[in-house]
Amino acid sequence: MRALLALWLVCAMLAFPAFAQESAPAAAATMDLRSADAATADWLSPSPPAEGWTPVQLVDTWDGRWPQHDGVVWYRLHWNQASADRPVGLLIDYVSSAYALYVNGSLVYRDDHLVEPLSRVWVRPQYFLLDKPLLRQGENTLWVRVSGLGAYQSGLGVVTVGVPELVQARQRRGEFWRYDMQLFGQSVGLVFGGLFLILWLFRRKDTYYGWYVLCTLFWSLYSFNFVAYSPWPFDNTDAWEAVNAAAYVAASVTFSIFLLRYAGHRWPRTERTLLVLCVVLGIAAMAWPIWVGHHRAVAFVFGCGTYYAAVFGFLGYSLRRRRTDGYVLAASLLIPLFVSAHDMLLFFGVIHDQTYLMTVTSPLTIIGLGFALAYRFAAAMRRAENFAVELQREVDAATRQLTETLGREHHLALNNARIGERLNLVRDLHDGFGGSLVAAISALEHPGRPVGPAQVVATLKELRDDLRLIIDTTTHEQDIDLAGLIAPLRHRWSERFEAMAMESSWTVEGVDGIRLGAMRVLELLRFLQEALTNVLKHSGASRVRVSVRCEGEYLAVDVRDDGRGFDAASLATQGAGLPSLHARASRLGARLRLTTSPGQGTRLNFDAPLASNA
């Protein structure tokens with residue numbers, strides 16, 4: 001708060017400079033000429049009129065005395081010079097709009113344009129050095145030929161004569177505040193306007209940046225009034241003043257919308273109404289410059305009222321929200337608020353110091369705005385950093401939780417796999433080996449059926465083959481493909497068929513690298529074992545062919561013999577052989593096809609998908 005108070009005091013000193021105060025010796029060495037005589041003349045008046053002179057007090061504007069007069073007013077001033085041996089400084093503090101200067105009847109200075117388009121010398125005080133033979137001892141007469149329009153406060157300010165150094169120092173102070181500071185304020189405004197334009201281009205959703213850019217643009221157009229020496233690009237003063245008034249209103253409206261958007265509010269109807277008024281005023285200024293220029297006071301009052309309403313509204317908003325950026329921006333608006341009142345009094349002729357301060361103090365608003373935006377940016381960065389830290393914390397926690405969950409799921413999957421393998425092994429032992437073992441025990445224990453050594457050996461071989469099949473499909477699941485698992489089965493059954501004087505041929509194609517999984521491989525091998533067992537026991541065939549091929553996405557299995565065959569319809573409901581083969585084919589995802597007839601042999605085939613649907 002101390003820093004803000006110090007900034008406030010410095011700004012107040014800048015806003016209300018005491019540049020007019022002088023020491024007593026300096027005042028004694030200079031003389032302000034405040035009494036003069038004035039007389040009207042036409043635009044082409046070559047010399048002062050002989051009559052019609054009226055005493056006036058400087059600063060004088062003739063809009064109150066001759067409100068309809070557009071043309072020339074001659075001013076006559078006198079001062080006494082004690083000695084003409086030393087040069088004298090002459091200061092013309094204010095002239096609106098163009099003038100020519102004569103000292104003792106001799107031309108000292110003349111503006112470039114004494115008729116439309118008029119020069120605009122009032123923007124800078126002008127200094128002249130008078131010496132012999134222009135300067136006389138005793139009474140000297142100063143003639144000032146002022147060209148102007150009655151509607152725009154044309155007239156003459158205070159004239160100062162005295163010691164050249166002191167008069168020139170006063171001129172430099174006046175030029176600093178009335179011209180140099182105006183240029184400085186415009187430069188700062190344009191720089192910040194360009195910066196906010198870049199910010200708006202990257203942050204379109206922050207519309208208050210864009211509105212401030214528009215405000216800067218229109219305010220620069222209006223402020224150009226205080227540094228321009230001619231009404232260019234217009235060819236007359238009326239058009240210049242009309243456009244200047246329209247630019248002031250547009251700057252006030254866009255600044256008001258900027259404050260509204262900065263506060264986070266939108267008043268669409270009010271904004272549209274104000275913008276439409278700005279557009280209408282701009283069109284009127286170009287189409288009817290004389291009418292708008294002569295009524296420019298109405299436009300300035302409207303623009304100033306809009307500015308005051310927006311500033312007071314923002315002050316109330318800042319007090320309610322109690323945010324640092326709002327306090328700083330509100331404080332930076334207070335001095336320009338009071339300064340604008342000073343400028344309005346000067347515009348309407350209530351005061352006559354001739355120095356408009358609004359543009360001079362506009363950098364204060366820019367500084368406050370820069371601080372407010374920097375504060376918002378820093379707050380946003382802090383929120384982003386905090387969000388990033390919080391997000392990282394949440395990500396770490398989620399990662400730990402996910403790792404733990406995946407670990408538990410992996411452990412459960414391993415346990416499930418072990419349990420599944422155990423269940424599969426138990427089921428295979430129960431369904432295959434166990435069933436064969438129970439059947440063998442029952443046959444051996446049956447009291448009415450004699451059992452010979454050959455039958456015992458056959459039963460033991462069958463039990464051995466069933467046990468080998470289980471061992472082959474459970475111990476080599478991970479490292480042997482389908483071709484490697486079929487090979488032992490092929491070898492055993494080839495020996496059996498050879499022992500029974502039966503010719504067998506095996507075709508295994510395209511199954512290298514194919515892994516169906518333990519359950520499906522076991523189903524396939526059991527299907528082949530059961531089908532070949534039926535051929536060996538029941539077909540009476542002399543030749544058997546086994547084919548296992550990989551055809552695209554399917555595994556084609558074909559077992560055929562040239563035996564006696566049978567009537568499929570008559571045996572469909574007898575025994576468990578065919579239903580078991582159908583069930584195994586179904587568990588492989590296929591449908592078993594049976595082709596047989598008496599005396600024509602038997603063929604079993606199906607096409608199973610390589611990928612499991614389970």
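This is a predicted model: local features need pLDDT of at least 70, side-chain atom pairs count only at pLDDT 80 or more; totals for chains, interfaces and linings use all residues.
Residues are numbered from 1 along each chain as its sequence is written. Local features need pLDDT of at least 70, side-chain atom pairs count only at pLDDT 80 or more, and totals for chains, interfaces and linings use all residues, while side-chain values use heavy atoms, without hydrogens and water.

Two packed helices are described by the angle between their axes and the distance between the axes. Helix α8 spans residues 296-321, and helix α9 spans residues 324-347. Helices here are DSSP runs (H or I, at least four residues), numbered from the N terminus. The axes of α8 and α9 come within 10 Å and cross at roughly 155°. Axes are lines fitted to C-alpha atoms over the stretch in contact, and angles run from 0 to 180 degrees between N-to-C directions. The two helices are therefore roughly antiparallel, a label for angles over 145 degrees. Their crossing is left-handed (the near helix is turned anticlockwise from the far one by less than a right angle). The contact of α8 with α9 has 21 nonpolar, 3 polar and 1 charged residues. Ala, Val, Leu, Ile, Met, Phe, Trp, Tyr, Cys and Pro count as nonpolar, Asp, Glu, Lys and Arg as charged, and the others, Gly among them, as polar.

The largest nonpolar core has 63 residues. Such a core is a set of buried Ala, Val, Leu, Ile, Met, Phe, Trp, Tyr and Cys residues joined through side-chain atoms within 4.5 Å. Buried means under 20% relative accessible area (1.4 Å probe, protein chains only). The residues with the most contacts inside this core are F255, F258, L259, Y262, V311 and F314. Helices that each supply at least two core residues include α3 (164-202), α5 (237-262) and α10 (358-445). The largest share, 14 residues, comes from α5. Y262 touches Y208, F314, Y317, D325, L329, A372, L373 and R376, leaving aside residues up to four places away in sequence. Contact means heavy atoms within 4.5 Å. A second, separate core of 36 residues includes W493, V511, L592 and L610.

E241 lies in α5. It counts as buried because its relative accessibility is 8%. Residues up to four places away in sequence aside, E241 touches R120, Y152 and R296. A239 is also found in α5. At 8% relative accessibility, A239 counts as buried. The C-alpha atoms of A239 and A287 are separated by 9.1 Å, with the residues 48 apart along the chain.

Terms used: Angles under 35 degrees count as roughly parallel, over 145 as roughly antiparallel, 65 to 115 as roughly perpendicular and the rest as oblique. Buried means under 20% relative accessible area, exposed over 50%, partly exposed in between (1.4 Å probe, protein chains only).
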